[in-house]
Structures are given as C-alpha cells and as structure tokens.
Amino acid sequence: MCGRYATTRSAGDLSALFESYDETGGAVGPDFNVAPTDLVPLVRLAPEGHRALSVGRWGLVPHWSRSATGAARMINARAETIATSRAYAPSFARRRCLLPADGWYEWVREPGGRRQPYYMTPTDGSVLAFAGIWSVWEATGSPLLTFSVLTTAAVGELAEVHDRMPLLLPRERWAAWLAPTDEPAALLAPPSTAWLAGLEIRPVSPAVGDVRNDGPGLTVRVPLARPETDPELTLF
C-alpha cells in the first residue's frame, strides 16, 4: 500500500489547483490506473522557491544507487521510519513533494479467495494530495526524477480495507509540507477523522488489477457480490 492510484487532471488544472508553474511540457495525461514506475505529475519547490508541477517516475531511486532496477520496491516510504532510513531520510529532510490524485485502490480478500478492489476518493470530487518525497538519479548521465509516496497507519473505516493508507495532506497543510524545516517529523500527523469522513470507499471492477487496463470505467461503482454464508453481509 499504496500500489495503484488515479490521477486524471490536466497540467493546466493541476497548475491552477496547486498554484504551481507548469514545467511538464505537456507530458501529463489522464491515468486511471497508475502503477509502479509510471510517469505522473508531482508538485515540488523549485530552487527559486516557487512551486513547480513536474513529471516523476513512481519508485524512488536514491542518488547514490548504482541501478534503477529496484525502484518498483521503493514506491512507498513508511512515515514511522522515514526519518532514519538511509534511502529515504535525505529526501524527507530536503525534497518533499505533493502527489496529485483523484483516489487510490486497495484490495480486500473475501471468503473463497476472491479479491475485491475498492477505490477511495473524495465524495465531492476534489483533488487529493499524497505526501511524497523525491530524488534525482543521474548515474546514466540523463537525470531521472523519481518519488515515493509516504504511508501511515490507516484511520477509521479505511482500516477495514487495508492497515495502511497514503499520508493525505489537506490543502491547509500543503505549504508546510513543501517548505524547508528543521523538524520535518512534525509534518507526519495523519488527517483528522472528520476530514477522512469526506472520502468514499467504493467497490470497483476487478479490471483495475490488470495494469494494461485504463479509463474512467475503472473507478465506477459496481455491486458487491454477497458472500454465500451471509446474503445480507457487505463491507460498507
């Protein structure tokens, strides 16, 4: 967790929402099934101090790494250990970013072994911002911007889907997350349960499990198959 998410807004929309300068060069397109190593938009502070909308590859590659082959195993960074991790701590201290998202996916294993995917998304259609960290890998001579999503213990009803969730940042916390600070650990608090109550936990099609599938149909609510042992039982 988090291993799949959706980010579908245009570069123009994201630049306006995050008050950032667009440096993507038109490389941002809708993706309803973002998977590890995909290229997606992120918002970070440019050296000049303004917010920049960039494109990065999901799966952090530390600057000292000899190879990028392990990036798919570094898509997530645990908030509980990020400040002491050799791979993540330098980026957490100096290179934090926001990952724009419409929502994310998780799977629940049901009786009989079937895995039902759920899509967590704001009920009002607003944008989400995952807390992230970034790094630039230059071992090949061609700079590669990479990132990880911070995760934390799931809160409230989200814990019924998975024990982890992305560290979600309400709008009022965006500036502090991006700004330089000597105490970044103070930024790791999860959002309030009242804020999380604005999220919908939506059952969706198993088609999202195939990375080759894309499109708005992946986020459409589907009826839950009722377990044979209790025809009235549903998760939510």
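The structure is a predicted model, in which local features need pLDDT of at least 70 and side-chain atom pairs count only at pLDDT 80 or more, while totals for chains, interfaces and linings use all residues. Residues are numbered from 1 along each chain as its sequence is written, and side-chain values use heavy atoms, with hydrogens and water left out.

Helices (H or I, at least four residues) and strands (E, at least two) are DSSP runs numbered from the N terminus. A residue is called buried under 20% relative accessible area, exposed over 50%, and partly exposed in between, with a 1.4 Å probe and protein chains only. Strand 4, residues 39-45, is mostly covered, since five of its seven residues are buried. Two strands are said to pair if DSSP finds at least two bridges between them. Strand 4 and strand 5 run antiparallel and are joined by seven bridges; in one of these, Pro41 has Val55 of strand 5 as its bridge partner. The hairpin of strand 4 and strand 5 has five residues between the strands, and Gly49 there takes a positive phi near 105°.

Strand 10 covers residues 128-137, and nine of its ten residues are buried, so strand 10 is largely enclosed by the rest of the structure. Strand 10 pairs with strand 7 (residues 96-101) in the antiparallel sense over six bridges, and Ala101 has Leu128 in strand 10 as its bridge partner. Strand 10 also pairs with strand 11, again antiparallel and over six bridges. Here the bridge partner of Trp137 is Leu144 in strand 11. Strand 10 and strand 11 form a hairpin with six residues between them, and Gly141 in the turn has a positive phi of about 90°. As a general point, side chains in a regular strand alternate between the two faces of the sheet.

The aromatic rings come next. Rings of Phe, Tyr and Trp (its six-membered ring) pair if their centres lie within 6.5 Å; planes under 30 degrees apart count as stacked, over 60 as edge-to-face and the rest as tilted. By this rule the count comes to seven aromatic pairs. One of them is the stacked pair of Trp58 and Phe147, with 6.4 Å from centre to centre and 0° between the planes. This pair links distant parts of the chain, because Trp58 belongs to strand 5 (residues 51-58) and Phe147 to strand 11 (residues 144-153), 89 residues apart. Trp58 and Phe147 are both buried. Phe92 and Trp177 form a tilted pair, at 6.2 Å centre to centre and with 45° between the planes. Phe92 lies in helix 2 (residues 89-94) and Trp177 in helix 3 (residues 174-178), so this pair ties together parts that are 85 residues apart in sequence. Phe92 and Trp177 are both buried. Ring pairs also link Tyr5, Trp58, Trp104, Phe130 and Phe147 into a cluster.

A charge sits over a ring if NZ of Lys or CZ of Arg is within 6 Å of the ring centre and within 35 degrees of the ring normal. Arg95 lies over the face of Trp134, 6.0 Å from the ring centre, and the charged end of Arg96 sits over the ring of Trp177, 5.7 Å from its centre.

Arg95, Arg96 and Trp134 are also among the residues that line the second largest pocket. A pocket is an open set of points on a 1 Å grid over the protein atoms alone, where a 1.4 Å probe fits, with protein on both sides within 12 Å along at least five of seven lines; lining residues have an atom within 4 Å of a point. The lining of the second largest pocket has eight nonpolar, no polar and three charged residues, where Ala, Val, Leu, Ile, Met, Phe, Trp, Tyr, Cys and Pro count as nonpolar, Asp, Glu, Lys and Arg as charged, and the others, Gly among them, as polar. Of the 13 residues that line the largest pocket, the closest to its centre are Asp124, Ser126, Val127, Leu128 and Trp195.

Glu19 has a phi near 50° although not a glycine, and Glu19 is exposed, with a relative accessible area of 62%. Thr37 has a phi of about 75° and is partly exposed, at 36%.
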